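Work through the exercises below with the sequence and the 3D view side by side. Try each task before reading its solution.

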Amino acid sequence: MSNTSENPNPSSSSAKITLKTSDNELFEVEEAVAMKFCTVKQYFEDEKDNDVAARGSSTVIPLPNVHSAVLARLISYCKKLPQSNAVADNHEEEETKKKERKQYGTPGDLVDLISAANYLDFKEGLEFFNQALADHIQNKSVEYVRKFFGIKGDFEPHEEEKYREEYAWAFEGVDED
Amino acid sequence: MEDSSTANGEDWISRLPDSLLCHILSFLSPKEAVGTSILSKRWENPWTCVPSLYFCDTFMTDCGNYMNKVNCFIDYVNWVLAHRDGFAIEKCNLSCYTLHASAHLYSWTCAVIACMVQELTIKSELFRVGQLPWCLLTCKTLVEYST
């Protein structure tokens, strides 16, 4: 995975960018962190073109679709990105990464993080949080996944039975818990 | 312990758009992705649109005798490709080690190319490159091809 947010101008690496969330909280973040969010980067560059950025950190970038609680978690994830984004090359590392992914809470929390990462076009985050959700589906029974995510099975019994027969092979060897 | 972190009855994940559900499903094996189709009507189709498809006729382990297994696999690949509805495929791996599945490689390759595949890998000892469709050579989206 390539790091696409190198700062073209190292001397300005300590520059701050202010982000404003849906609940009107202001976040002052380092430019290098903010540039991980492609939506912010795009906005920032457009502003630059308009010469508004000449005012420096006084530029406030509004993020009407992101709540402060979610943004705070995304920023903290972003800050420890270099080490957590290393490619897992053995089983042990994969387990460590899996544990790390587990720390991000309930399905509701993860869905909030995914929606925000998607809106911000934050690729590494999207990859990480989507995989964190996938971890809860991997090798689990239909009943477990439904219960865990609160999904209501709305197939008619005969429809579900038909699928179960058709895809019988897909339901073999899964954990029941 | 796991119960404390469940969704408390609120179904958040099903509200995600198809593109994100597909991305989530792309971390699973095809077998697991197919398994999600039974969760609810919302989940019936997203698995057919995952960007990467990996088909291997030997992953179908315990479902009856040889012919059952192979037919099961053939039906599955046909089903996925038929429901793709032109949705672009980024990566596709077709690994066929059985004679009966290999016989379908020609039509599957055509179908995959129609889905504008970018990376295609075909593994089969029973199939020769010369037996593959001509459209493979003129496919505009194909970037990488290996056998």
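**Exercise 1.** Which residue in β2(B) is the bridge partner of B:C56?

Before the solution, some conventions. The model is predicted, with local features needing pLDDT of at least 70 and side-chain atom pairs pLDDT 80 or more, while totals for chains, interfaces and linings use all residues. Residues are numbered from 1 along each chain as its sequence is written, chains are lettered from A and ligands numbered from 1 in the order in which they are written, and side-chain values use heavy atoms, without hydrogens and water.

*Solution.* Step 1: helices (H or I, at least four residues) and strands (E, at least two) are DSSP runs, numbered from the N terminus. Step 2: find strand β2 of chain B at residues 91-95; five bridges join β1(B) to β2(B), and the two run parallel. Two strands pair if DSSP finds at least two bridges between them. Step 3: the partner of B:C56 is B:S95.

**Exercise 2.** Describe the sheet of chain B and the helix that lies across β1 and β2.

*Solution.* Step 1: the open sheet has four strands in the order β1-β2-β3-β4, with parallel pairing. Step 2: its edges are β1 (52-56) and β4 (144-146) of chain B, each of which pairs on one side only. Step 3: ignoring direction, neighbouring strands are turned by 5° against each other on average. Step 4: helix α3 (residues 66-82) of chain B lies across β1 and β2 of chain B, at about 160° to β1(B). Such angles run from 0 to 180 degrees between N-to-C directions, with axes fitted to C-alpha atoms, for helices over the stretch in contact (heavy atoms within 4.5 Å).

**Exercise 3.** Describe the sheet of chain A with the order β2-β1-β3.

*Solution.* Step 1: this open sheet has three strands and mixed pairing. Step 2: β2 (26-30) and β3 (60-63) of chain A are at the edges with a single partner strand each, so one side of each has no neighbour in the sheet. Step 3: from one strand to the next, the twist averages 30°. Step 4: β1 (residues 16-21) of chain A runs parallel to β3(A), joined by four bridges, and A:T18 is opposite A:V60 in β3(A). Step 5: helix α3 (residues 68-79) of chain A lies across β1, β2 and β3 of chain A, at about 10° to β2(A).

**Exercise 4.** Which residues does B:W108 touch?

*Solution.* Step 1: leave out residues up to four places away in sequence. Step 2: B:W108 then touches B:F73, B:I74, B:V77, B:N78, B:L81, B:L94, B:C96 and B:A101.
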